[in-house]
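Colleague: I am new to this structure and would like to learn how to read its features. Could we begin with a single residue and work outwards?

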Amino acid sequence: MYVTLKILELLKRETDEEHPLRQKEIIELLKKENPNDVEQFTAGKVSRRIKELCYMNPPILGYTSYEKGKDTDVNKNKEDLQRTSYEQITNIYYINCISNFEFKFLIDSIMSSRIFSTEKAKDLSTRVQHLASKSLESLTKYVSGGYGNQKYLFEDDVLENVKTIQEAIDDYKSIHFSWNVYDVNNQGIYRRYIKDYEAIPLELIMHDGRYTLLLRFPHKEKVYNYNVDLMTNIKKIDQQKDEIKDDIFKVNFQQSVYNIKHPFNFGGEVRTYQLRVQRAYFSRLVNDFSYNIDIIKGTINEKTVDVKVEASSKGMMYWLLQHYDVATLLTKTDENLNEELSQAVKQLYDCYYKEV
């Protein structure tokens with residue numbers, strides 16, 4: 001068992017499909033790293049342990065076998081190996097269930113997340129690096145400092161708060177928390193306390209790199225969005241009994257659909273809106289509304305196309321203000337949206353318009 005564990009440890013750290021090791025190299029490294037146990041790593045013993053590892057199902061090692069003097073590259077399962085007559089197994093490597101580029105994606109997601117300070121992001125990314133071979137470190141060198149101090153975040157453990165909230169959801173408990181916002185004073189940016197709340201947590205979602213809690217207050221049906229990184233002092237408490245049933249919300253809830261229909265993480269009632277979009281910039285619409293786009297028949301021409309999308313009123317307002325140059329609102333039935341857009345345009349006009 002000792003020899004097997006040492007082989008696995010070595011292969012996991014040193015190898016992958018692009019960086020295999022031959023048996024001779026494995027033996028040399030094992031003896032070098034374990035000078036007090038060199039007698040444990042004889043060629044025969046190491047060879048037998050490697051063959052045993054190759055028999056595992058599912059296989060965790062890739063290899064090249066010399067079969068009857070012929071060099072063939074294979075990735076065989078247990079039954080294949082038992083049928084294979086070979087003199088030697090060489091070029092062994094550790095097969096990660098996740099590839100290096102999948103690990104890289106995880107690390108990039110961590111480093112660009114909006115819930116980790118730079119130091120916390122580096123710490124977690126470094127631990128992810130250790131799950132793969134050392135070649136991942138050269139692929140993600142920026143973990144050691146390339147990102148710099150790019151985030152202004154407090155040292156709260158957001159994932160620990162997420163855990164507490166999820167436990168409350170699973171146990172049908174309410175939560176008590178303090179709500180804060182970022183503000184500024186003479187000393188710089190700080191987090192200003194607003195109010196303590198008791199609420200019923202419904203769903204945790206990841207939206208634009210931040211964890212958001214969908215919740216409602218006792219005896220109220222309206223669902224609100226709160227960013228977990230601005231919540232402190234989160235505690236589970238006994239849930240108040242009220243007449244509102246959350247089963248329908250939970251059964252019909254789909255996180256991906258919710259994210260698409262609530263641009264910029266604004267909650268509220270979802271409505272259907274008709275837009276006229278310039279075809280040259282249609283990608284902007286797809287980037288935000290994805291598969292939730294209904295092309296209106298007969299409206300496609302060389303320059304524009306009319307579409308239907310679903311979104312919250314506040315989210316649609318901010319989306320239109322950001323994309324006013326490529327999209328026009330055709331629906332005029334949402335009076336609140338019309339009024340907010342009018343006020344926003346007036347403020348921009350008053351602030352920036354200059355007579356020639």
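This is a predicted model: local features need pLDDT of at least 70, side-chain atom pairs count only at pLDDT 80 or more; totals for chains, interfaces and linings use all residues.

**Reading burial and salt bridges**

Colleague: Which residue forms a salt bridge with D108?

Modeller: A salt bridge is a side-chain nitrogen of Lys or Arg within 4 Å of a carboxyl oxygen of Asp or Glu. For D108 the partner is K104, with the closest N and O atoms 3.4 Å apart. Both residues lie in helix 5, four residues apart, about one turn of the helix. Helices (H or I, at least four residues) and strands (E, at least two) are DSSP runs numbered from the N terminus.

Colleague: Where do R114 and D208 lie?

Modeller: R114 is in the loop between helix 5 and helix 6, and D208 is in the loop between strand 5 and strand 6, so their pair ties together parts that are 94 residues apart in sequence. The closest N and O atoms of this salt bridge are 3.3 Å apart. R114 is partly exposed, at 44% relative accessible area, whereas D208 is exposed, at 52%.

Colleague: Is K122 buried or exposed?

Modeller: K122 has 16% relative accessibility and counts as buried. K122 forms a salt bridge with E119, the closest N and O atoms being 4.0 Å apart. Shared partners also join R13, E14, E33 and K134 into one network of salt bridges. The whole structure has 21 salt bridges.

**Reading the sheet and the core**

Colleague: In what order do the five strands of the open sheet run?

Modeller: Two strands pair if DSSP finds at least two bridges between them. Here the order is 7-6-5-4-8, with antiparallel pairing. Strand 7 (224-227) and strand 8 are at the edges with a single partner strand each, so one side of each has no neighbour in the sheet. Strand 8 is joined to strand 4 by five bridges, and S178 stands opposite T232 in strand 8.

Colleague: Which strands does helix 8 touch as it packs on the sheet?

Modeller: Helix 8 touches strand 4, strand 5, strand 6 and strand 8. Contact means heavy atoms within 4.5 Å.

Colleague: How many residues has the largest nonpolar core?

Modeller: A nonpolar core is a set of buried Ala, Val, Leu, Ile, Met, Phe, Trp, Tyr and Cys residues joined through side-chain atoms within 4.5 Å. The largest one has 31 residues, and those with the most contacts inside it include I165, F177 and M231. Helix 8 gives the largest share, five residues. F177 touches, among others, Y226, M231 and I234. Apart from this core lies another, of 20 residues, among them Y273 and W319.

Colleague: What does the secondary structure of the protein chain come to?

Modeller: The protein chain has 13 helices and 12 strands. Of its 356 residues, 39% count as buried.

Methods: Residues are numbered from 1 along each chain as its sequence is written. Side-chain values use heavy atoms; hydrogens and water are left out. Buried means under 20% relative accessible area, exposed over 50%, partly exposed in between (1.4 Å probe, protein chains only). Axes are lines fitted to C-alpha atoms, for helices over the stretch in contact, and angles run from 0 to 180 degrees between N-to-C directions. Lists of a residue's contacts leave out its neighbours within four places in sequence.
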